[in-house]
Amino acid sequence: MGQGHGHGAATSAGRHRRPLVIAFTLTAGYMVVELVAGLAFGSLALLSDAAHMGTDVLGLGMALAAITLAQRPATSQRTYGTYRLEVLAALANGLLLFGVAGYVLYEAVQRLSDPPDVPGLPLLVVAVLGLVVNLISFRLLTAGSKESINLRGAYLEVLGDLLGSAGVIVAAVVIYTTGWPYADPIVGAAIGLFILPRTWTLTAQALRILMQVAPPGMDVEAIRRRIIELPDVLDVHDLHVWTLTSGMENATGHVVVADGADYHDVLDRVLALLADDYGITHVTVQCEPTRHEERETPV
């Protein structure tokens, strides 16, 4: 029998920790400004965006904590370390965003029947400041969002805030130029609706990883057929492929090897196929002879 292992040096998110720290600091600072302004001016658009940014602060903080903890070495009890914390943080972010979206939509419906008077010019100043902050954070997290589900969650939250700030600017301009009071609750509801589909995508992806489903677009049966096509491989069984955390795909399986074949050569071919064609670098393979008899359990 033979076993092959490939290990990643670090998680994808760990390489983007510094931009996440900066985005967290900017978002937390502006959230306080927006919350105070929303309460002072009675603006649902500002309050809903502040609530959304509040979950962003929690989400970015959890993402940052998860990355920090995930960099701790594995132990004899936690053989995979704490990599899964990144996925749990993404799932928690999704649940928080669902709650915020529900609150905003409920409050918007209530205000449509009796919209309060909201000053347009102060609302515009705060919204423009928020747009600048969100643009900076958005730019900082763009690269990391392509590699890590954890950072993708933070990226989507900042994207929602960016568009939310743009929506608040529109509401402020409408209120300032026309005095139409319904612009504020309508924009607040639009922000809530914008959050929902992106939150669903993030939550579904996190759940997929936690359920150890094969990565999207990766056909396990096709991988099995490719391995069987390798020289001296007769069969493959108990093949499993799953994602541990973003950028870290795992695979295990049993490979039946032809009589007289070199197990090391077969193992090297299997590992090369999985790494080169599928990007799976953490692999455990057991090579078996054609007549493998299981040991009987003593009575």
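**Figure 1. Helix 3 passes helix 6 in a left-handed crossing.** The view is taken from a predicted model. Helix 3 comprises residues 84-113, and its axis comes within 7 Å of the axis of helix 6. The two axes cross at roughly 155°, and angles over 145 degrees count as roughly antiparallel. Helix 3 and helix 6 are therefore roughly antiparallel to each other. Helix 6 itself covers residues 183-210.

**Figure 2. The chain as a whole contains eight helices and three strands.** This view sets the close-ups in context. Read from the N terminus, the order of elements is α-α-α-α-α-α-α-β-β-α-β. The chain has 299 residues, of which 47% count as buried. Among contacts with a separation of 6 or more, 75% are accounted for by residues 24 or more positions apart.

**Figure 3. Helix 7 has three buried residues, Ala 222, Ile 223 and Ile 227.** The helix spans residues 220-228. Viewed down the axis of helix 7, the buried residues fall within an arc of 140°, so they line one face of the helix. An α-helix has 3.6 residues a turn, so residues three or four places apart point the same way. The partners of the buried residues of helix 7 are strand 1 (233-245), strand 2 (248-257) and helix 8 (263-278). At the start of helix 7, Asp 219 places a side-chain oxygen within 3.0 Å of the backbone nitrogen of Glu 221.

**Figure 4. Helix 7 and helix 8 pack at an angle of about 135°.** Two packed helices are described by the angle between their axes and the distance between the axes. For helix 7 and helix 8, the axes lie 10 Å apart. The two helices are therefore oblique to each other, and their crossing is right-handed. On the helix 7 side, the residues that meet helix 8 are Ala 222, Ile 223, Arg 226 and Ile 227. Helix 8 contributes Val 270, Leu 273, Leu 274, Asp 277 and Tyr 278. Ala 222, Ile 223 and Ile 227 are also the buried residues of helix 7.

**Figure 5. Pro 215 is situated in the loop between helix 6 and helix 7.** Its relative accessible area is 8%. Because buried means under 20% relative accessible area, Pro 215 counts as buried. Leaving out residues up to four places away in sequence, Pro 215 touches Arg 208, Val 241, Trp 242, Thr 243 and Glu 249. Pro 215 and Glu 249 are 34 residues apart in sequence, yet their C-alpha atoms are 7.9 Å apart in space.

**Figure 6. Gln 212 and Asp 238 have positive phi values although neither is a glycine.** Most residues other than glycine have a negative phi, and most peptide bonds are trans. The phi of Gln 212 is about 60°, and that of Asp 238 is near 55°. Gln 212 is found in the loop between helix 6 and helix 7, whereas Asp 238 belongs to strand 1. Gln 212 counts as partly exposed, at 46% relative accessibility. Asp 238 is likewise partly exposed, with a relative accessible area of 46%.

**Figure 7. Asn 134 and Ser 137 are both located in helix 4.** Helix 4 comprises residues 120-145. Asn 134 is buried, at 1% relative accessibility, and Ser 137 is buried with a relative accessible area of 0%. Beyond residues up to four places away in sequence, Asn 134 touches Met 53, Val 158, Asp 161, Leu 162 and Ser 165. With that exclusion also applied to Ser 137, the residues it touches are Ala 23, Leu 26, Thr 27 and Val 158.

**Figure 8. Ile 175 is a buried residue of helix 5.** Helix 5 covers residues 149-178, and the relative accessibility of Ile 175 is 9%. Neighbours within four places in sequence set aside, the contacts of Ile 175 are Val 118, Gly 120, Leu 123, Trp 180, Ala 183 and Asp 184. The C-alpha atom of Ile 175 is separated by 9.5 Å from that of Leu 124, and the two residues are 51 residues apart along the chain.

Conventions: Residues are numbered from 1 along each chain as its sequence is written. This is a predicted model: local features need pLDDT of at least 70, side-chain atom pairs count only at pLDDT 80 or more; totals for chains, interfaces and linings use all residues. Side-chain values use heavy atoms; hydrogens and water are left out. Buried means under 20% relative accessible area, exposed over 50%, partly exposed in between (1.4 Å probe, protein chains only). Helices (H or I, at least four residues) and strands (E, at least two) are DSSP runs, numbered from the N terminus. The arc is that of the directions from the helix axis to the C-beta atoms. Contact means heavy atoms within 4.5 Å. A polar contact is a pair of N or O atoms within 3.5 Å; within protein, one must be able to donate a hydrogen and the other to accept it, and residues adjacent in sequence count only if both atoms are side-chain atoms. Axes are lines fitted to C-alpha atoms, for helices over the stretch in contact, and angles run from 0 to 180 degrees between N-to-C directions. Angles under 35 degrees count as roughly parallel, over 145 as roughly antiparallel, 65 to 115 as roughly perpendicular and the rest as oblique. A crossing is left-handed if the near helix is turned anticlockwise from the far one by less than a right angle, and right-handed if clockwise.
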